[in-house]
Amino acid sequence: MDYAELVLFADLARTLHFGETSRNCHLSPSALSRAIQRLEAELGQRLFARDQRSVELTPEGELFRRYASDTLARLDGLKEEFSRGGERIVGKISIFASVTACQSFLPRILATFRKTHPDIHIQLETGYAANALEMLDREAVDVAVAALPDRIPPALVARAIVHTPLVFVAPALDCPAHQLLERRPIPWSEIPMVLPASGLARAAAERWYKRRRATPNLYSEVPGNEAILSLVALGCGLGIVPRLVVDKSPLRTDVRVLDLGSELGEFRVGICTSRQSHRKPIVRAFWDSLEPAA
């Protein structure tokens, strides 16, 4: 096996999608499939379980993913050591962030980083914020933008960047939820709600309802804040999202923030990495650039 095969395998282990990895690595899906088959033949093990609908790592594939990740990281570290003789760090850093982060504070951070380290290539992947820590846990990325719990897990290094309150949002258009909001007292157990499927915002919502001895009337549970705003804008019900998401959303004129005080609490958003990744020179360079950006 060679370096190129490890790169292909590592990207496919991250995306679990032949089409996406083909685009990322600039080769055809058939060429990618042949490369993976050669790798599996050389190792004598199936690395991926695949059918027409999905691709998953086999247990052997997960073991090889750890080997490939470590080998590529060591090679990148060696390149960085060599580059220090020229006083420039070269290589690649992979970052996972939500669309909201990419539309708000992350460009400023990345601009500062690129100004200091122009030879480090940035691989930026967007997705649901709720998946950020899981991406770090399976070593799919070096750094992630994530909502920070009160206690940071020991395996992570984190730095808070943004503090934003959690807020209730209602549709701007007239709908049954508005009529329920006009009643006194407000019948919170009757109002349809669009809530995060999991995560810190969901926990805050459940605490809020518990204090009122009420049960949320769930219209839908979705993994992303942007999806919550979309359903709220359609009049499906109320939602709970970080205020930053509302302020940066193209749907901000289609929803309204309810003035209910600060009972839902504050949302801390920060930059996270694993302690193992934090030892990499490229990640440390990125971490050092956070101070002036933040």
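Is Glu5 buried or exposed? Select Glu5 and look: Glu5 is buried, with a relative accessible area of 14%. Buried means under 20% relative accessible area, exposed means over 50%, and partly exposed lies in between (1.4 Å probe, protein chains only).

A word on the model. This is a predicted model, where local features need pLDDT of at least 70, side-chain atom pairs count only at pLDDT 80 or more, and totals for chains, interfaces and linings use all residues. Residues are numbered from 1 along each chain as its sequence is written, and side-chain values use heavy atoms, leaving out hydrogens and water.

**Stop one.** Arg38 forms a salt bridge with Glu5, with the closest N and O atoms 4.0 Å apart. The pair links distant parts of the chain, 33 residues apart: Arg38 is in helix α3 (residues 29–43) and Glu5 in helix α1 (residues 3–15). A salt bridge is a side-chain nitrogen of Lys or Arg within 4 Å of a carboxyl oxygen of Asp or Glu. Helices (H or I, at least four residues) and strands (E, at least two) are DSSP runs, numbered from the N terminus. Arg38 is partly exposed, at 47%.

**Stop two.** Select Asp11 and Arg14. Their closest N and O atoms are 3.0 Å apart, in a salt bridge. Both sit in helix α1, three residues apart, about one turn of the helix. Asp11 is buried at 9% relative accessibility, and Arg14 is buried at 9%.

**Stop three.** Go to Glu40 and Arg50. This salt bridge has its closest N and O atoms 2.7 Å apart.

**Last stop.** Select Glu62, Arg65, Arg66 and Glu139, which are linked in a network of salt bridges.
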